[in-house]
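Hi everyone, thanks for coming.

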Amino acid sequence: MSFRQPSRATRRLVIESLEQRHLLSVTSLPLPGQFLDLGPVDYSQVTLADSSSAGQWFRLTAQNTATLTAICGPSPADPSPLGVTVYALSGNALVELARGNGRVDTPVTAGSTYFVWLGQAQSGEQLFLANLVQNSGTTVTVVGTAGDDTFEFDGNSRLTVNRITYQFSTAWQRLSINAGLGEDSATIVTGLNSENIVYTPGRVVVSTPSRSIEVSGIENLTLYASPSAVAEVNDSPADDDSVIFPQRVSISGGGFSATIVGPQTIHVYARNGGQDAITFYDSPQADQASYKNGVAILQGAGFYNRAKFFESVTFVGTPGAEDMASLVGTKGSDRLSGRLGDITLTAGGTNVRAVNFWTTIVRSAGGTDTAQLDDSPQDDWVFSFAGDVSLFNMDMTVRVYGFAFTHIYSRYGGFDTAYFYDSPRDDLFVGRQDFSSFRTDPYFSRVKFFDAVYAYSRSGGYDTARLYDSSGNDELTIRPLYVRLEGPGFSNRVETFANVVAYSTGGGTDRVFGYGSDGKDQLTVASSATQFFLAETQILVTARGFKQEAYSLDATDEVNGAAPRVKINREESSTVIYAIDYFDPSSPTLGFQRAIDALPDEGGVVILPAGVFELRQGLVLRSNVTLRGSDSGTTLRRAPLLNAFVTTEARPGDRRITVESTAGFRVGDEIALVSQLTTFDTREKTFVIVGIEGNDLILDRPIPEAGYSPTNKAEVVNVFSLVSVNGTVTAPAVNAKIENVRLDGNLRENYRRWRVVLPATLSVVYAANTTIKNVTVVRSPATGIMLEQGHDNLLENCTVENSRRDGISLVWETDSIVRRCTVRGSGYGMADISDWGEGILVSGGRDIRVENCLTEYNLGKGLHPAGDLTIGGLWINNVSRYNGGNGFHYCFNNFGIWAVGNELYGNGYYGIGGLGLGGDYGDRFNVVMNNVIYNNQRNGIVVNGGRDNFILNNEIRSNSQLTPGRYAEIVLGPVYTTVVEGNKITPTLNAQAIDAFYVRLFNSIRDL
């Protein structure tokens, strides 16, 4: 038999609405003698066994009243170009219904018998018969078979059923697919807009006002919709799993699965039984998740996903994307567990998990709730207020509100630190080597295995602290404001607690170091315990069982009882030297340094004579030395300015430097090297001239660094610290005092070459327990008074005027105090605010207290806790006015700094500014409370963003003085978890009280 290669062109049927007709030919045929009886057919695929030039006959019974499609070829999409004819049975004859090449489509009636004739069929080809699609006007109805069917719709007018494609009119209005039995699959593109999609296992309905698509009996569904669609997905009675992404949702369970892609709004419901789970995935942008009363939501730019009634909910964020989650418990007893970055709330039979969120907020809705969380491998922090506990690091935060019990464990590494703050009630803090807890009824918070713990009593009540030692050698430090017990691997510090009891019961040789206050303190020594009452702060400290105790007291303090373990150190035994006895006009220090050096090793007091004394070299104090001015007035003044440009580059290691002229310089002069490359002031930049040869100055030590050359305008200038206390990291200077003296830096206002990079006029570096009292510094070439890298230092009743840089600066100090000091005119001789000129600046360090100070007429900011991770501290009852910048300025990386009871007015920018953004962490858990802020040129308070700060009970009025009505009293940038409440705000005419335009999520702003 001859064989002709058929064409593979695909032919599709255009279905039109036709009346049922059988008699398309007036000629009837007799029944064929041979045929293959296929029986009832809804869908059939027959492999042709024999080649026949005479053709082949097939008989079938139509299963449905629908289109009968007959295709011959390798596949439905590739029909062969041979004759296909469909006949209806009429009596005992055949009447032709339709004929074509490769494919025929014709309407048929269910239950009727039909014959299909194939001309020149080839062995191995396929005959495809389908009786599944019906088009009636604007409605297309599709049924499936008892087998596994596939359905595809392109969203326009093309439908594919079991690989057979139908093209129907674009005027369709309803498409209905009943997949029937078997494991059926459908891929549907809606091709619509603003669709309403409802899916239940096995069935989906898509509807708009003008069109609808319904698919039922389907086991596996993929649906593509428009972004404007709204999708509702429902569970089955079995255990189902759902996964939901932006504009995509999938659900699967017992024998079914479905995926819907495209809608920006998706709702998923688990209300039909089973233990159902859903996982939400976010977008790469900053998204928000929430859970409350069985409703879970994850939303962001361009999507809104919501689920209800699931037994398990998981939110997955994108690390670094600043995603936020809010989880609210039930009225029952809920439990929060997990670790930073992966937490689970178990509430009312539901587990809600949040993974990789920048911030997770968890709130109690009642009941006795418990949180138990672990740290991360990074350095982690805990800030705990009554009913408000946060665990965070640089990347993630979890904040827990209203839980009765909160336990946080340091298990995974890093140096972890916790801060506890009291309530207005009587509270109890317990500090141990392995855990510390704070009970602020009705709340209880605990941290375990943390490296350092700080507890603060600031809100009222009679608060008690109990501190317990370890089995090692521990040390108890008692100071007027705080008590600290520390040992190997732990440190517990409590501040201003009314009653502190410290126990030494764990072993080791534990010691006590106590320091008296300015009041009349009382020490009571018994056989097994010592009580120390600090009169200035009204704190009672009891030390029980300690092996060794030493107390530094003044002459007014009272001691009752005695025991060998207790040593009392009184101040009145110091040696006194009168510096006038060592006066030498030829000496660069006028002999005053010789007087200091003449003190015995244990120190003593040097009393300076009355008068004004010009120094060419600064005075240096060591431990236990007091430098005291005359009651009649002592002024130490820097010698008149000398400066000379370097003419030959000075390299590291050189001790000789060549300048344009050595006129005026003398052996013994203390000088500083500066250049355009100099960015900060250090002691390493100061030297003493030990020889002069021509235009060469010979220095007392080698130059340690490069950068001093004519090209960068290096210069020698006779600027130095008039008084300094210089310890080292390993051997800090202790118990030095500077009292009752005036230090004159002798700065010419119009000299601006070296600007602000020179040593402070009074410099204290690596020192502890230093007291600077009744000291005045004027015309300082750089900072007036600087304390650096020390601890427990006191600056009291001092005045700094007309400093070139800052008035008072503390750099990486710990537990130091500035009180009753005045700073004015900082930035003396500078052109604008960018050239520094701060009043009181604290940069880095921890727990600095600034109280009852006045900063005014400074070029820059008045009060400034600066960056570099400045932690803790209290700025209280200060006045900051008429400064060029802000009255009070937060900077960046400020943690737990309280600005309380300050009066801030008349400043050139804001009353308080800079709070919020900046640095690795931003400003967090700072408290701005009970301040009076008025008549500043711009805003009263500016929070430039950030989170976790508190603006409480301030009086803010009549700011916006520069342009009345232009500046709001409070401006809030893109803030999160920030509290603004209880403030009394009176704006100028037409000004806003609070500008909250940029405010973001989870804030409590009650003053709007």
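Let's begin with Asp868, which comes out at 36% relative accessibility and so counts as partly exposed, since that class runs between 20% and 50%. Please keep in mind that this is a predicted model. You'll find Asp868 in the loop between β86 (863-865) and β87 (870-871). Its phi is positive, about 65°, although this residue is not a glycine. Why mention that? Most residues other than glycine have a negative phi.

Asp792 sits in the loop between β77 (785-788) and β78 (794-796). Is Asp792 buried or exposed? At 8% relative accessibility, it counts as buried, because the cut-off is under 20%.

There is one more loop to show you, the one between β44 (435-440) and β45 (443-448), where Pro442 is placed. The peptide bond joining Asp441 and Pro442 is cis, with omega at about 10°. Most peptide bonds are trans.

Finally, let's look at a sheet. Here 6 strands form an open, mixed sheet, ordered β2-β8-β7-β10-β5-β3. The edges are β2 (28-30) and β3 (36-41); each has a single partner strand, so one side of each has no neighbour in the sheet. On average, neighbouring strands of this sheet are turned by 35° against each other, ignoring direction.

And which strand does β3 pair with? That would be β5 (residues 56-62), in the parallel sense, over 4 bridges. In one of these pairs of residues, Leu36 has Phe58 in β5 as its bridge partner. Thanks, everyone!

Terms used: Residues numbered from 1 in each chain as written. Predicted model: local features only at pLDDT ≥ 70, side-chain atom pairs only at ≥ 80, totals over all residues. Heavy atoms only, no water. Pairing = 2+ DSSP bridges. Helix = DSSP H or I, 4+ residues; strand = E, 2+ residues; numbered from the N terminus. Axes fitted to C-alpha atoms, helices over the stretch in contact; angles between N-to-C directions. Buried < 20%, exposed > 50% of the residue type's maximum accessible area, 1.4 Å probe, protein only.
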